[in-house]
Amino acid sequence: MSEQQKTQRGVALATAPAQQNDDAMTIDLVDLFYRLLASWKLIVCLAIVFAIVAGVYTIYFVTPQYKATSIIYVLSPESILNMSSLQLGTALTSDYIKVFDMWEVHEEVISNLDLDYTYSQMRKKLSVTNSSGTRMLDISFTSPSPAEAATVANEYAKVASNYIQETMATDKPNIMSVALEPTNPVSPNRVRNVALGFVLGGMLAAAIVVFRFLMDDKIRTVDDIRQYAGLVTLAVVPIEDSVSNENTEKKKLGLRRKS
C-alpha cells in the first residue's frame with residue numbers, strides 16, 4: 001500500500017467518527033424539537049402565568065409617571081434678523097443645555113416651588129433636549145403628579161432664561177410653549193411589560209424542557225441503543241406487565257366462579 005493510500009485511509013478513519021457525531025447531534029436536535037413540541041401546553045401555560053403576573057404588578061405595584069414639556073427659543077425676535085445671529089444661536093444651544101446641569105438652577109427651582117426634592121433627584125427627573133436643526137430646547141420634567149410635572153417644567157424654563165441672561169450677558173431666551181398637565185402616563189408601559197412577561201415565561205418553560213431532555217439518559221428504544229452505545233440489536237424480547245397480568249387472571253377466575 002502506497003503512502004498516499006495510507007494517508008487517504010487515515011483521513012477516512014479520522015473523519016468517520018466526526019460524521020457519526022454529526023449524525024448523533026442532528027438526531028438530538030430533532031428529538032429536542034419534538035420534545036419541545038410535545039410540551040407546548042407547559043410552555044404556553046407558564047407564559048400566560050408570567051404575563052398575568054407582569055400585568056398585575058404593573059397595574060397595582062408600579063407608580064405611573066407623567067412627563068410635561070416646555071419649550072424655549074435660544075434667540076429673541078430682535079436677534080434673528082441676520083445670518084450671524086442664527087449661526088450664533090445654533091452654537092449656543094449646546095451651552096444652554098449645559099446650564100441645566102448647574103446646581104444653582106436646580107436649587108432656585110426647588111426654593112421657588114418649595115419642593116421636597118434634593119438636587120440629585122431633580123437632575124434625574126429633568127431632561128433637556130434639542131431637536132436637530134433647530135434652536136429650540138425641550139425642557140421635560142417627570143413626576144407622579146401631572147400638575148407637578150407641568151409646574152416644574154414651566155419653572156425651569158423661567159429660571160433658566162433669567163439665569164442665561166444674567167450670567168452669560170446675552171439675550172434672554174423666549175418661552176415658546178408652556179407645559180400643560182399630561183393626561184396619559186409615560187411609564188410604565190403595560191403592553192410591553194405583559195409581552196415581556198409572556199416571552200420570559202415561555203423561555204423559562206422551554207429551558208426547563210431542554211434541561212430535562214439533557215438530563216434524561218434512559219434507553220427506551222432500539223434506536224437509542226444504536227445511537228448512544230453503537231451496538232446492533234439482534235432481538236427484542238417484550239416484557240409483559242406483571243400487574244396487568246395479575247389483574248387479568250383475577251378477572252378470569254371471577255368469571256369462572258360466577259359460571
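User: Before we look at this predicted model, what makes two strands count as a pair?

Analyst: Happy to start there: two strands pair if DSSP finds at least two bridges between them.

User: Then why are β1 and strand β4 (residues 174-177) called a pair?

Analyst: Three bridges join β1 and β4 in the antiparallel sense, and the definition asks for at least two, so the two strands pair. One place to look is Ile 72, which stands opposite Ile 175 in β4.

User: How do you know that strand β1 (residues 66-73) pairs with strand β3 (residues 136-143)?

Analyst: Eight bridges link β1 to β3, and these strands run antiparallel. With at least two bridges required, they therefore pair. You can follow this in the structure: Ala 68 stands opposite Phe 141 in β3, and Ile 71 has Asp 138 as its bridge partner in β3.

User: What makes β2 and β4 the edge strands?

Analyst: The sheet is open, with four strands in the order β2-β3-β1-β4 and antiparallel pairing. Both β2 (126-130) and β4 pair on one side only, and they are the edge strands. On average, neighbouring strands of this sheet are turned by 30 degrees against each other, direction ignored.

User: What makes the span of helix α6 (residues 146-168) close to the expected one?

Analyst: Helix α6 has 23 residues, and 33 Å is expected at 1.5 Å a residue. From its first C-alpha to its last, α6 reaches 32 Å, which is close to that value. After α6 comes Ala 169, with a positive phi near 50 degrees.

User: How do you know that a polar contact joins the side chains of Asn 193 and Thr 58?

Analyst: Their side chains are joined at 3.1 Å, and the cut-off for such a pair of N or O atoms is within 3.5 Å, so the distance qualifies. Asn 193 belongs to helix α7.

User: Which residues is Asn 193 in contact with, leaving aside its neighbours within four places in sequence?

Analyst: Asn 193 is in contact with Ala 54, Thr 58 and Pro 188. Here contact means heavy atoms within 4.5 Å.

Definitions and conventions: Residues numbered from 1 in each chain as written. Predicted model: local features only at pLDDT ≥ 70, side-chain atom pairs only at ≥ 80, totals over all residues. Heavy atoms only, no water. Helix = DSSP H or I, 4+ residues; strand = E, 2+ residues; numbered from the N terminus. Expected span 1.5 Å × (residues − 1). Polar contact = N/O pair within 3.5 Å; in protein donor to acceptor, adjacent residues only side chain to side chain. Axes fitted to C-alpha atoms, helices over the stretch in contact; angles between N-to-C directions.
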